[in-house]
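Me: I've got a model open and I'd like to talk it through with you. Shall we start with the overall picture and then zoom in?

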Amino acid sequence: MDEKIQFFPFDREKFKNPVEKAQIFCVEDMEKGMLYWAKLKRKGDFYMAGISSDIKIKAGAKVKTPKVNREGGSEGFKMFLLILPFLILCFLFSYFPLHGWVYALYDYRAPLKLSQCEFVGMKWFTTLFSNPTQVKQLMVVMKNTFAMSLLGIATSFCPVLFAVFLNEVKCKWFKNVVQTLTTLPNFISWTLVYAIAFCLFSSTGMFNSVLQNLGLITEPLKILDSGDHVWLSMLLWNTWKGLGWGSIMYLAAIAGIDQEMYEAARVDGAGRMQIIRSITIPSLLPTYFVMLMLSVANFLSNGMDQYFVFQNAFNKESIQVLDLYVYNIGMTGKSLSLATAIGVLKSAVSVGLLVVVNFASKKTRGESII
């Protein structure tokens, strides 16, 4: 026979301290294997918290006193202490350097102290848009930046496809070898990458030497010291370096997919490509869209290392992205204040893009990324 049950919405304010103000029990439904919170009013009568009225509890159901965590505050403090070192590192390397933005308001000349330099206010910000030569050069830089960022976004699906196809490899040792060989380039500095590129593709490198020895060419091909196809070559080097590393997150996401979905698909007669198209790729799309939105938010941040080591007098007009341009102005052009002003504007635009992308994520996916 069922127990007599009365239902009411659970009021947290009314039962702030369940041990002192109400006797709370955890009722386990043995038939459905579900747990519900209940208040014992009198023998045989229960008040259920937030449970719909169509749920019945069988007679003889187990009733046991729940464990009340009296150390919630101390546990939270312990967790805070665990993340405190990382918060300090984040502050030191991400927020503390922002005080250097003040250099954008001065006509700074090294090695003088900032107090010895002239305060010029917004001069460097207005110079960016009032000087025709500066504006023309900045437009070229922005064209390179936009081109490299758009190419990176257009090929952002490559790690997804690589992870999907690598997951389909059944030979475990071969799969591990491929994953290791494609991940290792991420840990090679761009300086060493350029050293490899120079040995292979310079005028006296292996590539030209082999072609000349075979009689296919009479003059060495200019690959590194040419302004042609710079965007494409930078994209290929970047893909080679980051493909394996970028696929790790998607391989982890594939490992988290419910295997029963694959088994049910195989029972229904689905082939390998059908399973990839109907289960694997749709399961990876949420992760992919988050990474894509973060890429859009970092649209102006291409990095400097790759372009710095590959730049030369022949390809400077096509390879100079915004980060490299800021470095060249600050260190080569010896205008640290102007470089700082450009960096401030870049940060402001990046924050704006992040806000827009976060808003778009809320509208399209129903959840934000920050």
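Me: This is a predicted model, so let's begin with its surface. What share of the accessible surface belongs to carbon and sulfur atoms?
Reply: The accessible surface of the protein comes to about 23900 Å². The share of that area belonging to carbon and sulfur atoms is 65%.

Me: And the overall build: how many helices and strands are there, and what percentage of the residues is buried?
Reply: On the secondary structure side, the count is 15 helices and 7 strands. The protein has 370 residues, and the buried part of them is 31%.

Me: On to the largest pocket. How much space lies in it, and which residues are closest to its centre?
Reply: The space in the largest pocket is about 1200 Å³. Its lining counts 36 residues, and the closest to the centre are Gly152, Ser156, Asn238, Gly242 and Ser295.

Me: Which element gives the most to that lining?
Reply: Elements that give two or more residues to the lining are α4, α5, α9 (230–255), α11 (272–297) and α12. With 12 residues, the top contributor is α9.

Me: Ser156 turned up by the pocket centre. Is Ser156 buried or exposed?
Reply: Ser156 sits in the loop between α4 and α5 (158–167). Its relative accessible area is 16%. The cut-off for buried is under 20%, so Ser156 counts as buried.

Me: Which side chain does the side chain of Ser156 make a polar contact with?
Reply: Leaving aside residues up to four places away in sequence, Ser156 touches Tyr288 and Leu292. Ser156 and Tyr288 are 132 residues apart in sequence, yet 8.6 Å apart in space, C-alpha to C-alpha. The polar contact, at 3.0 Å, is with the side chain of Tyr288.

Me: Now for helix α14 (residues 322–332). How many of its residues are buried, and which helices do they pack against?
Reply: Helix α14 is mostly covered, with 8 of its 11 residues buried. Among the buried ones are Leu322, Asp323 and Tyr325. They pack against α4 (132–154), α12 (305–310), α13 (316–319) and α15 (336–365).

Me: Let's move to Lys346. Is this lysine buried or exposed, and which side chain does its own side chain make a polar contact with?
Reply: Lys346 is found in helix α15. Its relative accessible area is 16%, so Lys346 is buried. Not counting residues up to four places away in sequence, Lys346 touches Leu300, Ser301, Leu322 and Asp323. The side-chain polar contact, at 3.4 Å, is with Ser301.

Me: Last one, on cysteines. Which class does Cys158 fall into, and how many disulfides does the structure hold?
Reply: Cys117 has a relative accessible area of 10%, so Cys117 is buried. Cys158 is at 23% relative accessibility, and therefore counts as partly exposed. As for disulfides, the number in the structure is 0.

Terms used
Residues numbered from 1 in each chain as written. Predicted model: local features only at pLDDT ≥ 70, side-chain atom pairs only at ≥ 80, totals over all residues. Heavy atoms only, no water. Buried < 20%, exposed > 50% of the residue type's maximum accessible area, 1.4 Å probe, protein only. Helix = DSSP H or I, 4+ residues; strand = E, 2+ residues; numbered from the N terminus. Contact = heavy atoms within 4.5 Å. Polar contact = N/O pair within 3.5 Å; in protein donor to acceptor, adjacent residues only side chain to side chain. Disulfide = S-S within 2.5 Å. Areas by Shrake-Rupley, 256 points an atom, 1.4 Å probe, with all protein chains shown as cover. 1 Å grid on protein atoms, 1.4 Å probe; cavity = no way out; pocket = protein on both sides within 12 Å on 5 of 7 lines; lining within 4 Å. Points joined across faces, edges and corners; volume = space filled by probe spheres on them.
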